[in-house]
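Please read it alongside the coordinates.

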Amino acid sequence: MSVVASPRKSIAETVFERVGGYYNAHQQNHGNLKRSSSYVSESEDDETMELVQIGAERTKNVLILMSDTGGGHRASAEAIKAAFQLEFGDEYRVFVKDVWKEYTGWPLNDMERSYKFMVKHVQLWKVAFHSTSPRWIHCFYLAAIAAFYAKEVEAGLMEYKPDIIISVHPLMQHIPLWVLKWQGLQKKVIFVTVITDLNSCHPTWFHTGVNRCYCPSEEVAKRALVDGLEPSQIRVFGLPIRPSFCRAILSKDELREELGMDPSLPAVLLMGGGEGMGPVKKTAKALGETLFNEEFGKPIGQLIIICGRNKVLASTLESVEWKIPVKVRGFETNMEKWMGACDCIITKAGPGTIAEALIRGLPIILNDYIPGQEKGNVPYVVDNGAGVFTRSPKETARLVAEWFSTRTEELNRMSQNALKLAQPDAVFDIVKDIHDLALQRGPLTKIPYMLTSSFSSII
């Protein structure tokens, strides 16, 4: 029986054939592509765009591609944006965008909701993470998605006319890079990946077509080499953290006075992430018991609880009759102050929170992790002597009570190890290196640019 391929199928097959080679470090070029080399403005008569040169003396556009699948991608994007502004002022105009949500359809425009659903049903996320790790699988589905949405992604990219594109999400480089290749702009537009997973990460982070791949650790850099990137493409600077963590802050005593904390008691910071997830309530109640000395009838520590956007959790904890000083907070934007005022932290193994805690020298108690990308963060912290891992609220509370009483030397040692592991200048190192790439690339040249015809020309 003969089968006639539908137009969609033929497009997918063609795109897959043309772009699949990106996953091989020794790829060969397929066919001759139409070449163009600058940005153009849209013409309604001939459906073309003429790209206007943005010279070195004028503001360059930087487009940061992210998705709110977890809080870390946006946090890294905003940190990079802030660092560009601090280092270079008006020399760069930076846009942080979820092009998938704004320009494409399902499933790309629904990734945020789908991710939240899967991490709440953690085994589902575990299956999704590992089943898409083999190269041939994610090569196929990304090529299929490109067949449907490449033109939409192209329109989204060209709205901002970027001189530099920065991907801070594993699914935010493949299709944009294919678009640049189809338009002959790969040698004109700088494209870099900033990996926001600290230790273990999905293979889709690694694309051999990038100018730079910024890795947060040596372990991630080794995986980049295995997946075909050249050493010249890789830089290990650390995880980009908001610049406010790099600046000099007030002393611990001054911060405690500003934040209304007890100046004499050691403090533990209990984090539930942006959504206030994890065993926050059980851990808080256990700490409320163990940090109160029944024999002397007084507290040996104080507790700060960050509930994020979980208003129900915050309301529940505020109604508790605590025997120790407790502050219950919602979503906070000045975490550098709360971390600076505390002596240790309890959190799930999110890379951003870990990196921030290390900068502040906080010993870390990890109480949970998302399978896949966060699993490797546990040995990263524990093996380097900067913290411990336990899922038990009672064990967590017991450990904090000991750190605040009989095991203060261990607390101090872990604090020093955390500071050794910290990389507070990572975000500035990244933007400076990108700036150097821009200087090497030089100004763009002015040439015609066909908005959509390049896609039909390869089919």
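Rings of Phe, Tyr and Trp (its six-membered ring) count as a pair if their centres lie within 6.5 Å. In this predicted model, Phe84, Phe88 and Tyr92 form one aromatic cluster. A search of the whole structure finds six aromatic pairs.

**Confidence**
- The chain has a mean pLDDT of 82, and 82% of its residues reach 70 or more.
- Over residues 1-56, pLDDT stays under 50, and the model has 127 contacts beyond four places in sequence for this stretch.
- Residues 452-459 also have pLDDT under 50, with 18 contacts beyond four places in sequence.
- Where pLDDT is low, the predicted coordinates should not be read in detail.

**Overall make-up**
- The chain contains 18 helices and 17 strands.
- Of its 459 residues, 53% are buried.
- Among contacts with a separation of 6 or more, 69% are between residues 24 or more positions apart.
- The accessible surface is about 20700 Å², and carbon and sulfur atoms account for 52% of that area.

**Lys81**
- Lys81 is located in helix H2, which spans residues 72-88.
- Lys81 counts as partly exposed because its relative accessibility is 25%, which falls between the 20% limit for buried and the 50% limit for exposed.
- Leaving aside residues up to four places away in sequence, Lys81 touches Ile64, Val94 and Val96.
- The C-alpha atoms of Lys81 and Val427 are separated by 9.5 Å, although these residues are 346 apart along the chain.

**Aromatic pair Phe95 and Tyr160**
- Phe95 and Tyr160 form a tilted pair, with 5.0 Å centre to centre and 45° between the planes.
- Phe95 lies in strand E4 (residues 92-97) and Tyr160 in helix H6 (residues 135-160), so the pair ties together parts that are 65 residues apart in sequence.
- Phe95 is partly exposed, with a relative accessible area of 22%, whereas Tyr160 is buried, at 9%.

**Aromatic pair Tyr214 and Phe237**
- The ring centres of Tyr214 and Phe237 are 5.9 Å apart and the planes are at 25°, so this pair is stacked.
- Tyr214 belongs to strand E7 (residues 212-215), while Phe237 is in the loop between strand E8 (234-236) and helix H9 (252-259), so the pair ties together parts that are 23 residues apart in sequence.
- Tyr214 is buried, with a relative accessible area of 1%.

Conventions. Residues are numbered from 1 along each chain as its sequence is written. This is a predicted model: local features need pLDDT of at least 70, side-chain atom pairs count only at pLDDT 80 or more; totals for chains, interfaces and linings use all residues. Side-chain values use heavy atoms; hydrogens and water are left out. pLDDT is the predictor's confidence in each residue, from 0 to 100. Contact means heavy atoms within 4.5 Å. Helices (H or I, at least four residues) and strands (E, at least two) are DSSP runs, numbered from the N terminus. Buried means under 20% relative accessible area, exposed over 50%, partly exposed in between (1.4 Å probe, protein chains only). Accessible areas come from the Shrake-Rupley method with a 1.4 Å probe; for residues, only the protein chains shown count as cover. Rings of Phe, Tyr and Trp (its six-membered ring) pair if their centres lie within 6.5 Å; planes under 30 degrees apart count as stacked, over 60 as edge-to-face and the rest as tilted.
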